[in-house]
Amino acid sequence: MKTYFTFDGIKVPVRIKKDWRSSIRYSITRKSINIILPKHYGGPLLTTEIEKLHQWCILQFKKDPSLLAQFRAIVYEDGEFIKIYGQLFQLVISKAKRKTASGKVNRQNQVLVQVPTGLDQQQESTLVGKLLSRVFASHFHKDISDRVHYYNKTFFQERIETIRLKNTLSNWGSCSSDNNINLSSRLLFAPTDVLDYVIVHELAHLKEMNHSDRFWKIVRDIMPNYKEKEKWLSKHGETLKF
């Protein structure tokens, strides 16, 4: 079950889950406000608990405004320029009577975006952001794949199945046991040396599928100053988003 709370004009998704439990749990993640309730909760009980959740969220957002700020969509405007992967792109937004959004990059480095009519500002900006993450992930896929293969060929010589760019919020990258490398498209906003660190980090998992001392030795031997890249991501990571 899914609904929304609105705080200071920001719509925040609320996910309601019922489980075989006797207690109630609240949490706030990067994607939503969450509540887990006992299975039998419904009607007035559910309404009362949702109101308690709303009041709890108000207190949490007062204590830590960044919790709410992470849900604020970037406002994209027609004609503005976006710098990504060291290149400037002009955003060209148009509206049409359609159900879905579409976007593409032309030869003039313009991103042509078409969105449905009738959306409010937050809905439109959220939709444009999601669309841009897909458009740029596709546009720069070869460039990023080439970087991954360069580091793999130079230092690892391991088999790689697929390389994907996805707009992940919970991590910067992952490496599966099937040798699939996933990188967050948000890294396209980061300096290339920081992007390279994440690539090396994930490739090192092809050798060590853990974070053991052996794993960190592999990373350190290739990139001795890797801790500086981690500190950069820790400090600036929240600003890297579509």
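## Basis

The model is predicted: local features need pLDDT of at least 70, side-chain atom pairs count only at pLDDT 80 or more, and totals for chains, interfaces and linings use all residues. Residues are numbered from 1 along each chain as its sequence is written, and side-chain values use heavy atoms, with hydrogens and water left out.

## Salt bridges

Across the whole structure there are nine salt bridges (a side-chain nitrogen of Lys or Arg within 4 Å of a carboxyl oxygen of Asp or Glu). One of them joins Glu238 and Arg30, with the closest N and O atoms 3.1 Å apart. This pair links distant parts of the chain, 208 residues apart: Glu238 is in the segment after α7 (226-236), and Arg30 is in the loop between β3 (25-28) and β4 (33-38). Helices (H or I, at least four residues) and strands (E, at least two) are DSSP runs, numbered from the N terminus. Glu238 is partly exposed at 48% relative accessible area, and Arg30 is partly exposed at 38%. Buried means under 20% relative accessible area, exposed over 50%, and partly exposed in between (1.4 Å probe, protein chains only).

Asp196 and Arg147 form another salt bridge, at 2.8 Å from N to O. Asp196 belongs to helix α5 (residues 192-204) and Arg147 to helix α4 (residues 141-156), so the pair ties together parts 49 residues apart in sequence. Asp196 is buried at 7%, whereas Arg147 is partly exposed at 23%.

Lys229 and Asp193 also meet in a salt bridge, 2.8 Å from N to O. Because Lys229 lies in helix α7 and Asp193 in helix α5, this pair ties together parts 36 residues apart in sequence. Lys229 is buried at 9%; Asp193 is partly exposed at 34%.

## Positive phi angles

Most residues other than glycine have a negative phi. Tyr85 has a positive phi near 50°. Tyr85 sits in the loop between β5 (81-84) and β6 (87-96) and is buried, with a relative accessible area of 17%.

Asn179 also has a positive phi, of about 65°, and is not a glycine. Its place is the loop between β10 (173-175) and β11 (181-184), where Asn179 counts as buried at 12% relative accessibility.

## Cysteines

The structure has zero disulfides (a disulfide being a pair of cysteine sulfur atoms within 2.5 Å). Cys57 is buried at 0% relative accessibility, and Cys175 is buried at 12%.
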